[in-house]
Structures are given as structure tokens and as C-alpha cells.
Amino acid sequence: MGTKNGRFSLVFLRKWVLTFCLLFFFSGCEYLKSLTESRYRKRIGGELTSEKDIVNWKEKLALEEAEMEEMEKRIRKLVQKSNQSAALSWKIARAYMRAGSADLGVRYYEEAVSESIPNAKQGGFEIHSYESALPFFEKAIQSGKLDKQLLYETAVAYANASKDMGWEQTRRSRAISLFKQLAKLDKDDSRFPFQLALVYFDSSLKDESWNGKLSSGYDEIETAFSLLDQILRKEPYNVPTRFAKANFLYQIGKSSLAYEEYVRIKSILEQMKENGNIREPLEENSSYKNVLKNLNLLGAQNKSN
């Protein structure tokens with residue numbers, strides 16, 4: 001279905017899968033900080049732990065498994081002693097995600113969520129039963145104890161952990177369930193159906209290898225397309241969603257439809273530039289450059305077929 005080089009550039013968006021918004025999280029974006037860190041920094045009362053230290057555990061110190069377990073115990077004691085344990089757990093979870101340890105990140109996201117829900121245990125809240133957790137989430141969010149951003153990052157962490165294990169079923173189900181609950185909490189936030197679509201599509205690709213683990217694939221590709229179309233009916237100019245749809249179409253062999261979608265993206269970006277929504281010259285805009293590159297590759301492939 002085309003050259004390897006062509007396929008590589010056309011599927012660049014697969015690198016976004018599940019980590020698309022994590023990259024956004026950790027880019028230093030001021031908007032994100034205003035949503036999350038600012039309010040929790042006030043409650044924490046300064047820097048309690050260094051994220052760089054945790055990142056270095058894996059990337060620089062190359063700790064052995066036993067050493068990691070010992071470090072884990074020390075961190076848990078620190079969290080338990082803190083009177084701002086929810087905020088600290090959230091911060092540690094983010095650090096583990098940056099270090100590429102999604103499953104360790106999941107543990108602290110779970111703790112941060114539980115600790116953010118008042119009287120969770122007494123009320124019968126079960127961290128893994130997200131299908132029945134909506135009332136707890138709504139009440140905690142309304143009281144200002146729980147942030148939707150935390151729930152969102154938790155879902156992304158579950159999905160990444162599942163992917164790292166060849167789309168392990170339990171973590172995948174928790175990610176899907178939590179994204180669905182978030183979509184019910186806020187029907188106007190397209191991040192939630194978008195991430196659901198990414199999970200459904202990538203986990204449905206058969207015989208794909210993730211971190212050396214082979215996935216048998218789930219049969220939910222049509223569900224992924226349905227979610228993207230749902231977003232585009234509300235937000236026809238949602239460029240990331242259109243990129244995802246074009247990429248999905250290409251991967252299932254519908255290169256002509258993928259080409260048409262890239263043409264739409266090109267037109268949208270040109271209109272955005274005309275309206276002043278894109279400041280830099282189009283030839284310097286990364287999205288526009290990707291569109292042109294993919295159109296050229298698809299055009300050449302379609303001619304040769």
C-alpha cells in the first residue's frame with residue numbers, strides 16, 4: 001500500500017495516540033497550568049518533590065527492580081504523611097508518566113482521585129468501578145475537591161499502561177469507562193470522544209506490536225470513526241480530529257478518502273490563516289506542512305495504483 005517512507009510519514013499521527021494530550025500536558029503550556037497546577041500549588045505550599053528526580057530514576061540512574069520497589073515505598077510514606085496527599089499524588093503520577101512508567105503513574109492517579117473525593121470510602125466509592133462513579137465525580141467537582149483534568153489524565157494513563165502491555169484488557173476497559181464518564185460530565189469537551197476514538201482504533205489493529213507485545217486486536221474500528229464524525233458534526237473545523245480521520249482512513253486502505261480529508265484540512269488551514277487564526281506564514285505552520293507532505297505522497301501513490 002505504498003512505500004515504507006510514505007507510510008511512515010502518513011501515520012505520524014499514531015505517535016499521538018493516547019499521548020497526544022500528555023504531550024500537551026507537559027509542554028509548559030500556561031493554559032494547562034492555570035487549569036491544574038496553580039490551584040494545587042497553593043494547597044501544597046511550595047515544592048514538595050522534584051519531578052526531575054523521579055524521571056531520572058529510569059532515565060539516568062537505571063535503578064534495579066528492587067531499588068525501584070524501595071523507592072516506591074518511601075514515596076508512599078511521604079504521600080501518606082502529607083496533608084495535601086491528593087495534590088502530591090497527582091504530581092508524582094505526572095512525573096512517572098514523563099518517565100515513561102504509565103503503570104506506576106496509574107497507581108498515583110488512582111490515589112489522587114480517591115483522595116479528592118470527600119468520604120469516598122464511607123460512601124462506597126470504588127476506584128475501579130468508574131461505571132458507577134459518576135455521582136461521586138459530579139459532587140466532588142461541584143465542591144471544588146476534584147478536577148476534571150485529573151480524571152482525564154488518569155484515563156490517559158490507563159490507556160498508555162494498557163497499550164504498553166499489548167492493549168491489556170483490564171486497563172483498557174478502565175480507560176474507556178473513565179473517558180465515557182467524562183463525556184457525560186461535559187458533553188462539550190471534545191477531548192473525551194477524541195481520546196476514546198484513538199483507543200478504539202489503535203487497539204483494534206490486529207497483529208500490531210506495542211512495546212514488543214503483540215495485540216490480537218479489538219473489533220471497534222467503526223466505533224472509532226463514529227466518534228470522530230460525532231465531533232466533526234459539532235466542530236467541523238477541528239483540525240486534530242480531521243487529521244485522525246484521514247490517518248484512520250489511510251490505515252484501513254481507503255487512501256482516496258484519506259486524500260479527500262487532507263484536502264479539507266488544507267482548505268480549513270488556509271481559511272484559518274485568512275481569518276487571522278494562524279499567525280505564522282502557512283509554509284512555516286507544522287500542520288500545513290504535514291498536509292502538503294501527505295497530499296503529495298498520497299497523490300503519487302494513487303497515480304501509481
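Close-up 1. The side chains of Lys245 and Asp229 meet in a salt bridge, with 2.9 Å from N to O. Lys245 belongs to helix α14 (residues 239-251) and Asp229 to helix α13, so the pair ties together parts that are 16 residues apart in sequence. Lys245 is buried, with a relative accessible area of 18%, whereas Asp229 counts as partly exposed at 26% relative accessibility. As in every view described here, the model is a predicted one. The view also contains Phe225 and Phe248, an edge-to-face aromatic pair whose centres are 5.9 Å apart and whose planes make an angle of 85 degrees. This pair likewise links distant parts of the chain, with Phe225 in helix α13 and Phe248 in helix α14, 23 residues apart. Phe225 is buried, with a relative accessible area of 8%. Phe248 is buried as well, with a relative accessible area of 1%.

Close-up 2. Arg172 forms a salt bridge with Glu220, in which the closest N and O atoms are 2.4 Å apart. With a relative accessible area of 5%, Arg172 is buried. Glu220, at 24% relative accessibility, counts as partly exposed. The charged end of Arg172 also sits over the ring of Tyr218, 3.6 Å from the ring centre.

Close-up 3. The structure holds twelve salt bridges. One of them is formed by Arg171 and Glu168, with the closest N and O atoms 3.1 Å apart. Arg171 counts as partly exposed, at 21% relative accessibility. This value lies just above the buried limit, since buried means under 20% relative accessible area. Salt bridges that share partners join Asp103, Glu168 and Arg171 into one network. Asp103 is also 8.0 Å from Asn160 in space, C-alpha to C-alpha, although the two are 57 residues apart in sequence. Asn160 has its place in helix α10 (residues 148-164) and is buried, with a relative accessible area of 5%.

**Close-up 4. Backbone of Trp167 between α10 and α11.** Trp167 lies in the loop between α10 and α11. Its phi is near 60 degrees, a positive value in a residue other than glycine. At 2% relative accessibility, Trp167 counts as buried.

Close-up 5. The structure holds seven aromatic pairs. Among them is the stacked pair of Tyr96 and Tyr108, at 5.8 Å centre to centre and with 25 degrees between the planes. Tyr96 lies in helix α7 (residues 85-98) and Tyr108 in helix α8 (residues 102-115), twelve residues apart, and the pair links these distant parts of the chain. Both Tyr96 and Tyr108 are buried.

Close-up 6. Tyr152, Phe179 and Phe192 form one aromatic cluster. The charged end of Arg191 sits over the ring of Tyr152, 4.3 Å from the ring centre.

Close-up 7. Helix α16 (residues 286-304) has 19 residues. From its first C-alpha to its last, α16 reaches 27 Å, close to the 27 Å expected at 1.5 Å a residue. The buried residues of α16 are Tyr288, Val291, Asn294, Leu295, Leu298, Gly299 and Gln301. Seen down the axis of α16, these buried residues fall within an arc of 165 degrees, so they line one face of the helix. An α-helix has 3.6 residues a turn, so residues three or four places apart point the same way. The face of α16 turned away from its buried side carries the exposed residues Asn296, Lys303 and Ser304. The N-terminal end of α16 is capped by Asn285, a side-chain oxygen of which lies 3.1 Å from the backbone nitrogen of Ser287.

How values were computed: Residues numbered from 1 in each chain as written. Predicted model: local features only at pLDDT ≥ 70, side-chain atom pairs only at ≥ 80, totals over all residues. Heavy atoms only, no water. Helix = DSSP H or I, 4+ residues; strand = E, 2+ residues; numbered from the N terminus. Expected span 1.5 Å × (residues − 1). Buried < 20%, exposed > 50% of the residue type's maximum accessible area, 1.4 Å probe, protein only. Arc of directions from axis to C-beta. Polar contact = N/O pair within 3.5 Å; in protein donor to acceptor, adjacent residues only side chain to side chain. Salt bridge = Lys/Arg side-chain N within 4 Å of Asp/Glu carboxyl O. Phe/Tyr/Trp six-rings, centres within 6.5 Å; stacked < 30°, edge-to-face > 60°. Lys NZ or Arg CZ within 6 Å of the ring centre and 35° of its normal.
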